[in-house]
Amino acid sequence: MMLPLLLSLSLIPANPAFEMREVPRRAAREASGNGLLREAKSLRYAQRFFEAAALYRRYLSEHPGSGRNAEARFWLAATLEQDQRWDEAASAYTDFLARHPDERMLGKEAKLNRVRCWGIRQGQSPAATPGLLAALGDETPEIRVAAALQLARTRNPRAVESLKVGLGMPAYADACSLALIGLGVKPVPAPSMANQFLVMRIREKGKGEPVTIRLALGLARALENYLTDEQIRQAHTKGIELGNLSDRAASLPKGSILFSVEDGKSNVTVTVE
């Protein structure tokens with residue numbers, strides 16, 4: 001007798017009234033959280049940074065499981081930076097990077113902003129110089145060069161190698177040249193971009209030889225025209241900035257693979273030659 005009774009009880013559906021009450025509550029919580037973020041954004045635009053930072057912190061406290069926490073943490077750090085609270089901002093960027101390592105695009109921005117905060121606080125904050133020295137080992141050339149430029153302001157010789165890398169990056173070349181001169185090092189002009197090429201090899205699934213396309217380094221942005229939407233999304237997911245390929249390629253030796261993406265129809269590999 002007990003077994004049929006237990007089976008029948010297990011088939012009783014969940015309380016629909018409870019589920020109907022829970023859905024509006026969840027929606028209300030999300031609406032409340034979105035409202036906090038909108039208000040924080042408005043305060044930030046109005047340059048009321050102290051109040052905006054308080055709202056971002058309140059959002060993170062009240063919505064610990066939200067899918068928008070990465071956004072909130074990044075803008076909390078950016079707001080503290082705008083308020084010139086350099087040490088707090090650097091710590092907030094570090095917290096963002098530790099909690100959201102998969103946020104590639106925002107992650108790079110957070111690293112660059114943190115380098116700037118540390119640069120301003122050199123000689124005043126005990127975390128500043130060690131942070132900049134650690135950034136010299138970052139995998140992204142722009143981060144290494146940005147850190148080296150900050151260290152060069154205090155004539156730190158450990159900046160030299162990364163400054164030399166920066167000579168080959170158009171966006172940083174002039175600043176790195178001046179920084180090297182300030183450190184007593186003669187800048188050696190980087191090879192002309194006219195002598196460097198990007199080679200894109202497109203191999204379609206089921207076909208033999210790949211299609212090869214050569215582009216001058218200065219025309220690197222045109223590579224995006226040869227990629228499918230899925231491949232572009234994949235590149236962004238990997239943290240590849242398709243609009244900034246020339247700087248990255250200029251810092252790599254010949255033969256280096258700049259990036260590789262694929263979709264269901266083709267595989268694309270881009271090398272520096």
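Visitor: What makes the contact of aspartate 95 with arginine 99 a salt bridge?

Guide: The closest N and O atoms of aspartate 95 and arginine 99 are 2.8 Å apart, and the term requires a side-chain nitrogen of Lys or Arg within 4 Å of a carboxyl oxygen of Asp or Glu, so the pair qualifies. The two residues stand four places apart in helix H5, and are therefore separated by about one helical turn. This is a predicted model, in which local features need pLDDT of at least 70 and side-chain atom pairs count only at pLDDT 80 or more, while totals for chains, interfaces and linings use all residues. Residues are numbered from 1 along each chain as its sequence is written, and side-chain values use heavy atoms, with hydrogens and water left out.

Visitor: Which parts does the salt bridge between arginine 73 and aspartate 95 tie together?

Guide: The side chains of arginine 73 and aspartate 95 meet at 3.6 Å, N to O. Helices here are DSSP runs of H or I with at least four residues, strands are E runs of at least two, and both are numbered from the N terminus.

Visitor: Is arginine 73 buried or exposed, and how is aspartate 95 classed?

Guide: Buried means under 20% relative accessible area, exposed means over 50%, and partly exposed lies in between, for a 1.4 Å probe and protein chains only. Arginine 73 has 12% and is therefore buried, whereas aspartate 95, at 31%, counts as partly exposed. Elsewhere, salt bridges that share partners join Arg57, Asp83, Arg85 and Glu88 into one network, and the whole structure holds 16 salt bridges.

Visitor: Why is strand S4 called largely enclosed by the rest of the structure?

Guide: Five of the seven residues of S4 (residues 266-272) are buried, which means that the strand is largely enclosed.

Visitor: How do you know which strands pair with S4?

Guide: Two strands pair if DSSP finds at least two bridges between them. S1 (residues 197-204) is joined to S4 by seven bridges in the antiparallel sense, glutamate 204 having serine 266 as its partner in S4. S3 (residues 257-262) is also antiparallel to S4, over five bridges, among them the one between valine 261 and valine 268. With three residues between them, S3 and S4 form a hairpin.

Visitor: What makes the link between the side chains of threonine 271 and arginine 201 a polar contact?

Guide: That link spans 3.3 Å, and a polar contact is a pair of N or O atoms within 3.5 Å; within protein, one atom must be able to donate a hydrogen and the other to accept it, and residues adjacent in sequence count only if both atoms are side-chain atoms. The side chains of threonine 271 and glutamate 273 also make a polar contact of 3.3 Å.

Visitor: Which residues of helix H7 are buried, and how do you know where they lie around the axis?

Guide: The buried residues of H7 (residues 128-135) are Ala128, Gly131, Leu132 and Ala135. They cover an arc of only 95° around the axis, so they are on the same side of H7; the arc is that of the directions from the helix axis to the C-beta atoms. What covers them includes helix H6 (104-120) and helix H8 (141-152).

How values were computed:
Contact = heavy atoms within 4.5 Å.
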